[in-house]
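Subject: Handing over a structure

Hi,

Here is the structure I said I would pass on. Have a look at it first, then read on for what I found.

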Amino acid sequence: MGKHQIENKVRQLRFENGQMTQSGLADKVGVTRQTILSLEACRYSPSLELAFKIAQVFQVPLEEVFQYSEN
C-alpha cells in the first residue's frame, strides 16, 4: 500500500489574504501558532473540525485548502 499524504495550501492562502500571520490564523481557529507551523510543514494532519475552520477563515471550499494524495 502506498504512502498517504494530506497536503495543504495554508501558507499560500495566508499570504493571499493580507499576509496573515501564523499567530493570526491560529487565533481565528483556536489553536497554537505551533500547530499552524506543523500543518504548513505537513508534519501534522488536522482534525476534520480544524480543517473546516481553516477553510471558513479563508472563505474557500475545504478541497481548496487540503488535498489528499496517495503516493
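First, some ground rules. This is a predicted model, where local features need pLDDT of at least 70, side-chain atom pairs count only at pLDDT 80 or more, and totals for chains, interfaces and linings use all residues. Residues are numbered from 1 along each chain as its sequence is written, and side-chain values use heavy atoms, with hydrogens and water left out.

**The chain as a whole**

The chain has five helices and two strands (helices being DSSP runs of H or I with at least four residues, strands runs of E with at least two, numbered from the N terminus). In sequence order the pattern is β-α-α-α-α-α-β. Along the principal axes, the C-alpha atoms fill a box of roughly 40 × 25 × 20 Å.

Of the 71 residues, 37% count as buried. Here buried means under 20% relative accessible area, exposed means over 50%, and partly exposed is in between, with a 1.4 Å probe and protein chains only. The accessible surface is about 4700 Å², and 49% of that belongs to carbon and sulfur atoms (areas come from the Shrake-Rupley method with a 1.4 Å probe, and for residues only the protein chains shown count as cover).

Among contacts (heavy atoms within 4.5 Å) with a separation of 6 or more, 61% are between residues 24 or more positions apart.

**Helix 4 and what follows it**

Helix 4 runs over residues 48-58, and its buried residues are Leu50, Ala51, Ile54, Ala55 and Phe58. Looking down the axis of helix 4, these fall within an arc of 135°, so they line one face; the arc is that of the directions from the helix axis to the C-beta atoms. On the face turned away from the buried side you will find the exposed residues Leu48, Glu49 and Gln56. What covers the buried residues? The cover includes helix 1 (10-16), helix 2 (22-29), helix 3 (33-40), helix 5 (62-65) and strand 2 (66-70).

After helix 4 comes Gln59, with a positive phi near 55°. Val60 sits in the loop between helix 4 and helix 5, and it counts as buried because its relative accessibility is 18%. Leaving aside neighbours within four places in sequence, Val60 touches Leu13, Ala55 and Val65. Leu13 is 47 residues away along the chain, yet the two C-alpha atoms are separated by 9.6 Å.

Leu62 belongs to helix 5. With neighbours within four places set aside, Leu62 is in contact with Ala51, Phe52 and Ala55. For Leu62 and Phe52, 10 residues apart in sequence, the C-alpha distance is 6.2 Å.

In helix 2, the buried residues are Gln22, Leu25, Ala26 and Val29. They cover an arc of only 100° around the axis, which puts them on the same side of helix 2. Asp27 and Lys28 are exposed on the face turned away from that buried side. The cover over the buried residues of helix 2 includes helix 1, helix 3 and helix 4. Gly30, following helix 2, has a positive phi near 80°.

Gln22 has 13% relative accessibility and so counts as buried. Apart from neighbours within four places in sequence, Gln22 contacts Arg14, Arg33, Ile36, Leu37 and Glu40. Ser23, also placed in helix 2, counts as partly exposed because its relative accessibility is 33%. Between Ser23 and Ile36, which are 13 residues apart in sequence, the C-alpha to C-alpha distance is 8.0 Å.

As for helix 3, its buried residues are Thr35, Ile36, Ser38, Leu39 and Glu40. Just after helix 3, Cys42 takes a positive phi of about 60°.

That is what I have for now.

Cheers
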